[in-house]
Amino acid sequence: MFKFLTKKRMMINLVIGFILFSGVAFAHPPSTINATFDQDTKILTVQVLHNVPNPTGDHYIQEMKVKLNGKDMIIQYFLTQASSGVQNAQYLLIDAKSGDTIEVYALCNKFGDKTITLKID
């Protein structure tokens, strides 16, 4: 009788574990971040490629962070993604100048992140 209860409990734990972690199996980090900085307008344009089946539902780019020379400048949170393939954003960086380094970070709400570094010429 005790062996049966232990096996039953183990099966229940396995099923619960599968249900809890199945969402992570289909989640993935952003595949690519494209960023350009226009020195004349001081505008940073960011495009995060992240293919998802339901961008206005449960899978999207949740956060973007921009650093200038290692210092946090912008943190933006999203509740949805602009389309099923991409999240776009534009930021004004008035303090950026030639020789500076811009770091762009994007976070998926389910799993994973990506960071790129851009050197201003």
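## The model at a glance

This is a predicted model, in which local features need pLDDT of at least 70 and side-chain atom pairs count only at pLDDT 80 or more, while totals for chains, interfaces and linings use all residues. Residues are numbered from 1 along each chain as its sequence is written, and side-chain values use heavy atoms, with hydrogens and water left out.

The protein chain holds one helix and seven strands, and from the N terminus on they run α-β-β-β-β-β-β-β. Helices (H or I, at least four residues) and strands (E, at least two) are DSSP runs, numbered from the N terminus. Of the 121 residues, 31% count as buried; that word means under 20% relative accessible area, with exposed being over 50% and partly exposed in between (1.4 Å probe, protein chains only). The chain exposes about 7900 Å², and carbon and sulfur atoms supply 60% of it, using the Shrake-Rupley method with a 1.4 Å probe.

## The sheet of four strands

Let's start with the open sheet whose order is β4-β3-β6-β7, with antiparallel pairing. Two strands pair if DSSP finds at least two bridges between them. At the edges are β4 (71-77) and β7 (113-119), each of which pairs on one side only. The twist averages 15° from one strand to the next, where axes are lines fitted to C-alpha atoms and angles run from 0 to 180 degrees between N-to-C directions.

β3 and β4 pair over six bridges and form a hairpin with two residues between them; in its turn, N69 has a positive phi of about 55°. K67 stands opposite D72 in β4. Seven bridges join β6 (residues 101-108) and β7, and T101 stands opposite K119 in β7.

## The sheet of three strands

The other sheet to look for is open, with the order β1-β2-β5 and antiparallel pairing. Its edge strands, β1 (32-38) and β5 (86-92), each have a single partner strand, so one side of each is left without a neighbour in the sheet. β1 and β2 (residues 43-49) pair over seven bridges, and A35 stands opposite V46 in β2.

## The nonpolar core

In soluble globular proteins, nonpolar side chains tend to be buried together. A nonpolar core is a set of buried Ala, Val, Leu, Ile, Met, Phe, Trp, Tyr and Cys residues joined through side-chain atoms within 4.5 Å. The largest one here has 21 residues, and L44, V46, M64, Y91, L93, I102 and V104 touch the most other members. Two or more residues come from each of β1, β2, β3 (61-68), β5 and β6, and β3 gives the largest share, four residues.

## Charged pairs

A salt bridge is a side-chain nitrogen of Lys or Arg within 4 Å of a carboxyl oxygen of Asp or Glu, and the count comes to three. D58 forms one with K110, the closest N and O atoms being 3.9 Å apart. D58 lies in the loop between β2 and β3 and K110 in the loop between β6 and β7, so the pair ties together parts that are 52 residues apart in sequence.

In another, D72 joins K67 at 4.0 Å. K97 and D100 form a salt bridge at 3.6 Å; K97 is partly exposed at 47% relative accessibility, whereas D100 is buried at 6%.
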